[in-house]
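Dear colleague,

I am handing over a structure that will be new to you, and I would ask you to look through it before reading on. My notes on what was found in it follow below.

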Amino acid sequence: MKHKIITAITGIALVLCGFAFWETGYVKFILGIISAFYLISTAYGSFEIRSNYFVTSIHKGKKKSIALTFDDGPHPENTPRILDILKEKGVKATFFVIGKNAEKYPELVRRIDAEGHIVANHSYSHNYLIAFFSTKRLKNDLIHCNDIVYQILEKKPKLFRPPFGVTNPRYGTVLKELNLQSIGWSLRSFDTRAKNKYQLIQNVISKLQKRDIVLLHDHLPVTADALEDLIEHCRSKNIVIQPLPLIINKDPYEIL
Ligand SMILES: [Zn+2]
């Protein structure tokens, strides 16, 4: 993992520069620069999941087609709207569900699965402070989400997306222990900030490329508003939408 290499290099650089510049007036300045570089790298690595700094995530497909992924559901109004459109258009997607929402709306989880989509883990709590959870608490949170899905579907998700795309060394440990594969994205729709469907459609189609994993949110009305046009745009450009596990070549569920 990149953070281990950067930490080792920083440690060596601090020691070597400490010795080399000890008797000059620059030692504090140089050690300060190295420490600042380390802190900036760590912050960047935490917030940019695509840097693979703490955890190796999959961000792109291996095939030319793209995959649609929906986070933060299920939602009682917008998830059914999205499912209706996907059904009508014959498109399969992946839903990174929040465990507590899945617990509240098990019939929607059943519908997602019954209509041929994939249910994946997006933590139980989706707590704003999840990045600060201890290893044990984080592990329990992710297990709790998988347990809820298992109670509903008798399937244990293997795909996981970190809430807010924020990672840290504890995720590295927990994901390995739980045999969960971290999934990032290559195209962020910014649907959480889009003022209307046109803005969202523009955000996606201006950047869309083959092999993209597109990040959307099924709890948002604007995403449901834009989905039909997005699918039609892909069709007009001969971009095929396929289920995520197919384009990344990974099993979505544990074989029990
Ligand atoms: Zn989320």
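Predicted model: local features only at pLDDT ≥ 70, side-chain atom pairs only at ≥ 80, totals over all residues.

Helix 1 spans residues 2-20 and helix 2 spans residues 27-47, and their axes, which come within 10 Å, cross at roughly 175°. An angle over 145 degrees counts as roughly antiparallel, and helix 1 and helix 2 are therefore roughly antiparallel to each other.

As for the overall picture, the protein has 10 helices and 7 strands, and its C-alpha atoms fill a box of roughly 75 × 40 × 30 Å when this is taken along the principal axes. Of the 256 residues in the protein, 41% are buried. Among the contacts with a separation of 6 or more, 76% are between residues 24 or more positions apart. The domain assignment gives domain 1 as 2-47 and domain 2 as 67-248, and the C-alpha centres of domain 1 and domain 2 lie 38 Å apart.

A second pair of helices can be set beside the one described above. Helix 8 (residues 197-205) and helix 9 (residues 221-236) have axes that come within 9 Å and cross at roughly 45°, which makes helix 8 oblique to helix 9. The crossing of helix 8 and helix 9 is right-handed. On the side of helix 8 the residues that take part are K197, L200, I201, V204 and I205, and in helix 9 they meet V222, T223, D225, A226, D229, L230 and H233. The residues of this contact between helix 8 and helix 9 divide into 7 nonpolar, 2 polar and 3 charged.

I would next draw your attention to L108, which is placed in helix 5 (residues 106-114). With 22 other C-beta atoms within 10 Å, L108 is buried, because 20 or more such atoms is the cut-off for a buried residue. If its neighbours within four places in sequence are left aside, L108 is in contact with P74 and T79. The C-alpha atoms of L108 and P76 are separated by 7.7 Å, although these two residues are 32 residues apart along the chain. P74, one of the contacts of L108, is found in the loop between strand 1 (67-71) and helix 3 (78-89), and the peptide bond that leads from G73 to P74 is cis, with omega near -5°.

Finally, there are two residues whose backbone angles deserve a careful look. Most residues other than glycine have a negative phi, and most peptide bonds are trans. F164, however, is not a glycine and has a positive phi of about 65°; F164 is in the loop between strand 4 (159-160) and helix 7 (169-178), where F164 is partly exposed, with 16 other C-beta atoms within 10 Å. R211, also not a glycine, has a positive phi of about 75°, and the place of R211 is in the loop between helix 8 and strand 7 (213-217). R211 is partly exposed, with 17 other C-beta atoms within 10 Å.

With kind regards

Conventions
Residues numbered from 1 in each chain as written. Axes fitted to C-alpha atoms, helices over the stretch in contact; angles between N-to-C directions. Helix = DSSP H or I, 4+ residues; strand = E, 2+ residues; numbered from the N terminus. Parallel < 35°, antiparallel > 145°, perpendicular 65-115°, else oblique. Left-handed = near helix turned anticlockwise from the far one by under 90°. Contact = placed C-beta atoms within 7 Å. Nonpolar A, V, L, I, M, F, W, Y, C, P; charged D, E, K, R; others polar. Domains from an automatic or database assignment. Buried ≥ 20, exposed ≤ 12 C-beta atoms within 10 Å, placed from the backbone.
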